[in-house]
Amino acid sequence: MTSGGAKTILITGASSGLGAEMGRQFAAKGYDVALAARRTERLEELRAEILAAHPERRVAIRALDVTDHAAVFRVFGELRDELGRLDRVAVNAGLGKGARLGTGRFEANLETAMTNFVGALAQTEAAMEVFRAQEAGHLVMVSSMSAMRGMPSAMTTYAATKAGVAHLAEGLRTELHGTRLQKRIKVTVLYPGYIRSEMNDKVEQSTPLMSSTEKGVQAMVAAIEKEVADACVPPLPWAAMAPVMKHAPLGVLKKLI
């Protein structure tokens with residue numbers, strides 16, 4: 001995507017799980033990477049790990065809480081300046097807290113909503129400011145298979161936020177369609193299924209649909225590099241599961257999830 005030099009990618013929520021593994025895999029593919037997250041000690045460790053394996057790479061890190069909206073714009077600008085440009089931005093930071101609605105846990109659901117949706121909105125705004133100035137870029141929105149349908153119990157708010165960010169990105173793609181920027185600014189929505197990460201450590205290891213972090217992120221990276229409009233990752237079994245999740249009767253859906 002760049003006219004010269006290494007491609008660059010900014011990844012939020014990069015201190016662990018999918019974000020950290022994306023950093024490793026994109027660096028291995030020759031990208032200079034910008035890593036942002038709240039836990040800077042983890043970012044320092046990841047930067048050292050990447051540079052030990054790929055000393056020719058540039059790895060920029062910043063502390064970032066995506067609910068600090070002013071900081072999102074500042075940090076994105078700083079990382080753009082440090083790397084010279086941002087070819088891709090992966091809106092990955094997220095929170096998995098939640099509780100059944102009406103059970104006195106509004107604070108947990110609010111924190112998830114503010115982080116996963118409003119935080120993603122701030123990141124999308126900041127990324128698009130950079131991309132519009134460059135007249136080029138690739139926005140990658142990390143949604144979830146849970147966005148396919150309203151989810152019950154502790155998943156309800158989380159799934160709603162993931163549906164929301166998917167529509168945010170898809171709305172942006174619709175806006176760009178037919179304009180001179182359509183071929184220069186790309187938008188990808190990823191719908192990960194069960195991929196091992198810190199967020200789902202409490203899910204039983206024996207869950208048959210659980211993918212390892214490395215293999216799951218390989219599927220994510222492949223979809224990103226192809227600049228597809230959307231992808232269920234890993235494709236097996238999630239691409240086949242998507243229409244079932246969308247259209248199955250509620251009784252069937254509850255048994256599936």
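These legends describe several close-up views of a predicted model.

**View 1. Helix 3 and the elements that cover it.**
Helix 3 runs over residues 69–83 and has 15 residues. From its first C-alpha to its last it reaches 22 Å, close to the 21 Å expected at 1.5 Å a residue. Its buried residues are A71, V72, V75, F76, G77, L79 and L83. Among the elements that cover these buried residues are strand 1 (8–12), strand 2 (32–37), strand 3 (59–63) and strand 4 (88–91). Helix 4 (106–134) also belongs to this cover. After helix 3 comes G84, whose phi is positive, near 95 degrees.

**View 2. Helix 4 beside helix 5.**
The axes of helix 4 and helix 5 (residues 156–176) come within 8 Å and cross at roughly 20 degrees. Angles under 35 degrees count as roughly parallel, and helix 4 and helix 5 are therefore roughly parallel to each other. The crossing in which helix 4 passes helix 5 is right-handed. On the helix 4 side, the residues that meet helix 5 are N109, T112, A113, N116, F117, A120, L121, T124, M128 and R132. On the helix 5 side they are T157, Y158, T161, K162, G164, V165, L168, L172 and E175. The residues of this contact divide into nine nonpolar, seven polar and three charged.

**View 3. Helix 5 and its buried residues.**
Helix 5 has 21 residues and reaches 31 Å from its first C-alpha to its last, close to the 30 Å expected at 1.5 Å a residue. T157, Y158, A159, T161, K162, V165, A166, A169, L172 and L176 are buried in this helix. An α-helix has 3.6 residues a turn, so residues three or four places apart point the same way. The buried residues of helix 5 are covered by elements that include helix 4, strand 5 (137–142) and strand 6 (185–192). Helix 5 is followed by G178, which has a positive phi near 80 degrees.

**View 4. T161, a residue of helix 5.**
T161 lies in helix 5. Buried means under 20% relative accessible area, so T161, at 5% relative accessibility, counts as buried. Leaving aside neighbours within four places in sequence, T161 is in contact with T112, A113, N116 and F117.

The peptide bond from V233 to P234 is cis, and its omega is near -15 degrees. P234 lies in the loop between strand 7 (230–233) and helix 7 (235–247). Another cis peptide bond joins L236 and P237, with omega about 10 degrees. P237 is found in helix 7.

E135 is not a glycine, yet its phi is positive, about 55 degrees. This residue lies in the loop between helix 4 and strand 5. E135 has 30% relative accessibility and therefore counts as partly exposed. S153 is also a residue other than glycine with a positive phi, near 60 degrees. S153 is found in the loop between strand 5 and helix 5. At 41% relative accessibility, S153 counts as partly exposed.

How values were computed. Residues numbered from 1 in each chain as written. Predicted model: local features only at pLDDT ≥ 70, side-chain atom pairs only at ≥ 80, totals over all residues. Heavy atoms only, no water. Helix = DSSP H or I, 4+ residues; strand = E, 2+ residues; numbered from the N terminus. Expected span 1.5 Å × (residues − 1). Buried < 20%, exposed > 50% of the residue type's maximum accessible area, 1.4 Å probe, protein only. Contact = heavy atoms within 4.5 Å. Axes fitted to C-alpha atoms, helices over the stretch in contact; angles between N-to-C directions. Parallel < 35°, antiparallel > 145°, perpendicular 65-115°, else oblique. Left-handed = near helix turned anticlockwise from the far one by under 90°. Nonpolar A, V, L, I, M, F, W, Y, C, P; charged D, E, K, R; others polar.
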